Amino acid sequence: MSEEANPFESLQEQIDDAAAYLDVGDDVMERLKYPERVLELNLSVDMDDGEIGRFRAYRSQFNGDRGPYKGGLRYHPGVTRDEVMALSGWMVYKCAVVDVPYGGGKGGIALDPANYSESELERITRSFAAELRPIIGEDRDIPAPDVNTGQREMNWIRDTYETLEGVTAPGVVTGKSPSSGGSRGRVEATGRSVMLAAREAFDYLDRDVEGATVAVQGYGNAGSVAAKLIEDLGANVVAVSDSSGAVHRAEGLDTRAVKDHKNETGSVAGYPEADAEFSNEELLTMDVDLLVPAALENAIDGDLARDVRADVVVEAANGPLTPDADDVLTDKDVYVVPDILANAGGVTVSYFEWVQNRQRFYWTEKRVNDELERIIVEAFDGLVDAFESYAVPNLRTAAYVVAIRRVVDAFDDAGNWP
């Protein structure tokens, strides 16, 4: 895996690839390759030992032509300015692909949450929320969970914002717990859209997902949910991994039992029913019908892509393939369903949550899942139409053609002010 790949440069290269198929001026395209603003913070927070901790934090607001900025907050040691800029850009085009009326934002704090107590994490999160307060809001910028954050952190942010603003504004963040205004179906939404994208891809390719062999790299929320839902389609999930390594069982893993084991022990390693354990890289190059990269960006670079033997890749993570890897897999006729469609279930159900918060009227889980399926299926069909009509090399370029066209149309309709 390349340590030099810059996710922001990858995003810009993906936009340039799509621009070749669009009749859009270079000046407008250049505008769509950079964030509108990036907030950089140094948070000073009291630690349990009485010392003051300093934490580098960011929030990138990439583009708001189609609506309020929208995107997650991640807690990870690798969080950088370039990373959040790239992720906020991917959010713009992700929302546009599924035609959700949002722009794109992303943020994070450079820390490993495993190194801090719950009380320290609460103070860090509330400090971050206080600094974000001037730029977030139900109609401005709406954060959500991402890597190493979840309902707990979103509940803290909502409470901090409402306390400081003196308002009730549940829609200021999404991904909250249902008791705090969250939507049913939100926790499984990203994994569910990965399953739907895989199902539609196999149908488009006239292949049977039932009995297909599957490997999932990354067994957090998105990866584990996608694994169990794909297993429910009748597929055979033969390998899964997390940061500790991978486990394999030729006859197929019980995905729910593996998740229980991870919850109990902290990793998939040591799962008693596994035939073998090996590395993440070995998992990524297994001879399987479907590969689901569900960890962090740049998991597969050009060199590793040459050894990928999966027939279909469905991206649950953001940016798991570098542009060089895309080129290699395209040349190998590997069918890649891009992240900006495959993992768009999270932002789609976040949109549903925001709508419910604004209306103070809450949906059943069945309605949430039915609406999500409709949107993902329609978006997949739209990408296939673009793939065939524009004669682009792969589905990712088709996705950007569709998404950029929608963002440009919104920009043209509004005009450039001043």
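## Aromatic pairs

Ten aromatic pairs are counted in this predicted model, where rings of Phe, Tyr and Trp (its six-membered ring) pair if their centres lie within 6.5 Å, with planes under 30 degrees apart taken as stacked, over 60 as edge-to-face and the rest as tilted. One of them joins Tyr102 and Trp354 in an edge-to-face arrangement, 5.5 Å centre to centre and with 70° between the planes. Because Tyr102 lies in the loop between α3 (81–97) and β4 (104–109) and Trp354 in helix α13 (residues 345–359), this pair ties together parts that are 252 residues apart in sequence. Tyr102 and Trp354 are both buried, that is, under 20% relative accessible area, with exposed meaning over 50% and partly exposed in between (1.4 Å probe, protein chains only).

Tyr102 and Trp354 also belong to one aromatic cluster with Tyr351, Phe352 and Trp363. The charged end of Arg367 sits over the ring of Trp363, 3.9 Å from its centre; the criterion is NZ of Lys or CZ of Arg within 6 Å of the ring centre and within 35 degrees of the ring normal.

## Strand β7 and its partners

Strand β7 (residues 236–242) is largely enclosed by the rest of the structure, because seven of its seven residues are buried. Strand β6 (residues 213–217) runs parallel to β7 and is joined to β7 by five bridges, whereas β7 and strand β8 (residues 245–248) pair in the antiparallel sense over four bridges; pairing requires at least two DSSP bridges between the strands. Val240 in β7 stands opposite Val216, and Val247 is the bridge partner of Val240 in β8.

## Basis of the values

Residues are numbered from 1 along each chain as its sequence is written, and side-chain values use heavy atoms, with hydrogens and water left out. As this is a predicted model, local features need pLDDT of at least 70 and side-chain atom pairs count only at pLDDT 80 or more, while totals for chains, interfaces and linings use all residues.

Methods:
Helix = DSSP H or I, 4+ residues; strand = E, 2+ residues; numbered from the N terminus.
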